[in-house]
Amino acid sequence: MDIWKELEAEGVNRHLLAEVRSFRDAHGVAEEVRGRIPNPRFVYYGKDVWEAAAAAVLCGENLLLAGPKATGKNVLAENLAALFGRPVWDISMHINVDAASLIGTDTLKGGEVCFREGPVCQCARLGGFGILDEVNMAKNEALAVLHATLDFRRVIDIPGYRRVMLDDAARFIGTMNYGYAGTRELNEALVSRFVVIRMPMISQEHLILLLQDHYPTLKTEGAKELAAVYLDLQKKCENAQISSCAMDLRGLLDGVALMEKGLNVQDALDMGITNKTFDPYEQTLIQDTIRGRISKKMKPEDLFEEKCGSCRKEFA
């Protein structure tokens, strides 16, 4: 996937993209971490969000991507790293995260006590993009160690060892969803160190593009029908008729992969979406919504070009 072509096609500001190229030219990447530069499977669609995020990174800001499930927070974070050509450290935030697991800790090496860098320290020193995944799941006491890292000081002071200054290219991108179990309110002091982007729900047009980008053999009409199913479920979720379990964009993509292999269309959608909830009544509501769009007579070959015919023989 050529992310530059995708963004130019989206109409992202050309002057902004030119500044990103200048950023890449000005900041090299150490050979030891070149393998960490991502090559995204998906592209994030949304001109306004792209421009806001790229401008924030160019201004030296850290980003907090906030929004409901399936809004592409991690996709955008990975895409930003690919666009800016920076290595990525994926830092999973959870209730047991502490200062040692973020910054580093003592260890033995050759019979001597030395410091083993944590992901935040490595990312800061080597000019990477640190993705703080579901940052509002960690305890505020643990996150407090990041205050000096995320504000104007841009430093990590390691007691008993050294003071690590952040590389000019280093950025941190937090993602958060208030709807998940185990989440909590973020401390105001931490939030003030980010610029915040409210991630919008994916539009029908962009969902169709996403489906066809990932599955080139998917017909346009098929992509429209599948996008309509997802948006119908989204509307029911917004009206509190069903839970957010059905709002699973990953599940939709997984279902399309199963269809591409020749599995029955409705069975594939049940595996990818319906069965993610374990309440029988809710399962019935989701199935009714799917069957309102997808006929029982619809077959995988109705959705895909003939190129995929050989795959379907597996289920014949």
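## Burial and overall make-up

Of the 316 residues in the chain, 49% are buried. The model is predicted. Its secondary structure consists of 16 helices and 9 strands. The C-alpha trace spans about 70 × 45 × 40 Å along its principal axes.

Contacts across the sequence are also counted. Among contacts in the chain with a separation of 6 or more, 74% join residues 24 or more positions apart.

## The aromatic cluster

A pair of aromatic rings is described by the distance of the centres and the angle of the planes. The count here comes to 2 aromatic pairs. In one of them, the ring centres of Phe23 and Phe84 lie 5.2 Å apart. Their planes stand at 90 degrees, so this pair is edge-to-face. Phe23 belongs to helix α2 (residues 14-26), and Phe84 to helix α4 (residues 73-84). The pair therefore ties together parts that are 61 residues apart in sequence. Phe23 counts as buried, at 8% relative accessibility. Phe84 counts as buried at 1%.

Phe84 also pairs with Phe129. This aromatic pair is tilted, with 5.9 Å from centre to centre and 45 degrees between the planes. Phe129 lies in strand β5 (residues 129-133) and Phe84 in helix α4, so the pair ties together parts that are 45 residues apart in sequence. Both Phe84 and Phe129 are buried. Phe23, Phe84 and Phe129 form one aromatic cluster.

## Charges over rings

Which ring lies under the charged end of Arg21? That ring is Trp4, and the charged end sits 3.8 Å from its centre.

A further case involves Arg153 and Phe152. Arg153 lies over the face of Phe152, at 5.9 Å from the ring centre.

## Helix α3

Helix α3 covers residues 47-58, 12 residues in all. From its first C-alpha to its last, α3 reaches 16 Å. That is close to the 16 Å expected at 1.5 Å a residue. After α3 comes Gly60, with a positive phi near 85 degrees.

An α-helix has 3.6 residues a turn, so residues three or four places apart point the same way. Which residues of α3 are buried? They are Val49, Trp50, Glu51, Ala53, Ala54, Ala56 and Val57.

## Packing on helix α14

The axes of helix α11 (residues 220-238) and helix α14 (residues 280-293) come within 9 Å. They cross at roughly 145 degrees. The crossing of α11 past α14 is right-handed. On the α11 side, the contact is made by Glu225, Ala228, Val229, Asp232, Leu233 and Lys236. On the α14 side, Ile286, Thr289, Ile290 and Arg293 take part.

Helix α13 (residues 265-272) packs with α14 at an angle of about 145 degrees. Their axes are 11 Å apart. Here α13 passes α14 in a right-handed crossing. Gln266, Leu269 and Asp270 of α13 meet Gln287, Ile290 and Arg291 of α14.

Glu134 has a positive phi, near 55 degrees, in a residue other than glycine. Glu134 is found in the loop between β5 and α7 (140-143). Is Glu134 buried or exposed? Its relative accessible area is 11%, so Glu134 is buried.

Ala240 also shows a positive phi in a residue other than glycine, near 60 degrees. Ala240 lies in the loop between α11 and α12 (249-260). At 66% relative accessibility, Ala240 counts as exposed, because the cut-off for that label is over 50%.

Tyr161 sits in the loop between β6 (155-157) and β7 (163-165). With a relative accessible area of 35%, Tyr161 is partly exposed.

What does Tyr161 touch, not counting residues up to four places away in sequence? Its contacts are Asp106, Val113, Cys114 and Phe115. Tyr161 and Phe115 are 46 residues apart along the chain. Their C-alpha atoms are separated by 7.5 Å.

Notes
Residues are numbered from 1 along each chain as its sequence is written. This is a predicted model: local features need pLDDT of at least 70, side-chain atom pairs count only at pLDDT 80 or more; totals for chains, interfaces and linings use all residues. Side-chain values use heavy atoms; hydrogens and water are left out. Rings of Phe, Tyr and Trp (its six-membered ring) pair if their centres lie within 6.5 Å; planes under 30 degrees apart count as stacked, over 60 as edge-to-face and the rest as tilted. Helices (H or I, at least four residues) and strands (E, at least two) are DSSP runs, numbered from the N terminus. Buried means under 20% relative accessible area, exposed over 50%, partly exposed in between (1.4 Å probe, protein chains only). A charge sits over a ring if NZ of Lys or CZ of Arg is within 6 Å of the ring centre and within 35 degrees of the ring normal. The expected span of a helix is 1.5 Å times one less than its number of residues. Axes are lines fitted to C-alpha atoms, for helices over the stretch in contact, and angles run from 0 to 180 degrees between N-to-C directions. A crossing is left-handed if the near helix is turned anticlockwise from the far one by less than a right angle, and right-handed if clockwise. Contact means heavy atoms within 4.5 Å.
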